[in-house]
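Trainee: Before I use these labels in a report, I would like to know what stands behind each of them. Can we go through them one at a time?

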Amino acid sequence: MTLATLPSGTVTGRTRSPDRASRTRQVGPGWEVLLMPEHLAELVTHTLGENTVAASAMGWTFAHAGHRGIFLPELSDDPAWPTGTTYLKAGASVMLPPFHWRLAERGGTEGWVALNSQPLSKPMLLHPVVTPIAAELANRPLASTEF
């Protein structure tokens, strides 16, 4: 089963068994990945969901190890993405869940969150949404655990 064929024609991987765990894949060519902490990604998705035009900015989304990843066209790192996110350039490695794993079916911790018709997200529409939300989260004081 093919995990994904991105616009560059690159096949990101194959899975042989429904029980196979997430596997490391090489990023690119033609696509790169932005990783965001899960909370930031949920806020971005919620904000985009309020506007149907902006909602089309988000392509395929996956979850792994407390982060959400989105696929972007190669060289989408200018302007730079905000602190707290990780931009993986072509040639880097990323953990992708098997294509048949859905987040809701995996206990909400790992799997594919969204598989919209277009795999690549639109950085020119996402950057102005992600940046202020990430800045706001970075400026919030940490909650005290002392009573």
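**Strands and sheet**

Mentor: Start with β2 and β4, which pair in the antiparallel sense over seven bridges. This is a predicted model, in which local features need pLDDT of at least 70 and side-chain atom pairs count only at pLDDT 80 or more, while totals for chains, interfaces and linings use all residues. Residues are numbered from 1 along each chain as its sequence is written, and side-chain values use heavy atoms, leaving out hydrogens and water.

Trainee: What are "strand" and "helix" here, and how many of each does the protein chain have?

Mentor: Both are DSSP runs, numbered from the N terminus: helices are H or I over at least four residues, strands are E over at least two. By that rule the protein chain has three helices and seven strands, in the order β-β-α-α-β-β-β-β-β-α from the N terminus.

Trainee: How do you know which strands are at the edges of the sheet?

Mentor: The sheet is open, with five strands in the order β5-β2-β4-β3-β7 and antiparallel pairing. β5 (86-88) and β7 each pair on one side only, and these are the edge strands. From one strand to the next the twist averages 30 degrees.

Trainee: How is Met95 classed, and why?

Mentor: Met95, in strand β6 (residues 93-96), has 27%, which lies between the two limits, so it is partly exposed. Leu75, at 62%, is exposed.

Trainee: What surrounds the buried Arg68?

Mentor: Contact means heavy atoms within 4.5 Å. Leaving aside neighbours within four places in sequence, Arg68 is in contact with residues including Leu35, Met36, Glu42, Thr61, Phe62 and Val113.

Trainee: What makes the link between Arg68 and Glu42 a polar contact?

Mentor: The term covers a pair of N or O atoms within 3.5 Å; within protein, one must be able to donate a hydrogen and the other to accept it, and residues adjacent in sequence count only if both atoms are side-chain atoms. The side chains of Arg68 and Glu42 are joined at 3.4 Å, so the distance is within the limit.

**Cores**

Trainee: What makes a group of residues a nonpolar core, and how many residues has the largest?

Mentor: A nonpolar core is a set of buried Ala, Val, Leu, Ile, Met, Phe, Trp, Tyr and Cys residues joined through side-chain atoms within 4.5 Å. The largest has 18 residues, and Met36, Val44 and Leu126 have the most contacts inside it. β2 (31-37), α1 (38-49), β4 and α3 (123-139) each give two or more residues to this core; α3 gives the most, five. A second, separate core of 13 residues includes Val27, Val33, Phe62 and Leu96.

**Peptide bonds**

Trainee: Which peptide bonds are called cis, and what are their omega values?

Mentor: One runs from Gly28 to Pro29, with omega near -5 degrees. Another joins Asp78 and Pro79, with omega about 10 degrees. Pro29 is in the loop between β1 (23-26) and β2, and Pro79 in the loop between β4 and β5.

Notes. Buried means under 20% relative accessible area, exposed over 50%, partly exposed in between (1.4 Å probe, protein chains only). Two strands pair if DSSP finds at least two bridges between them. Axes are lines fitted to C-alpha atoms, for helices over the stretch in contact, and angles run from 0 to 180 degrees between N-to-C directions.
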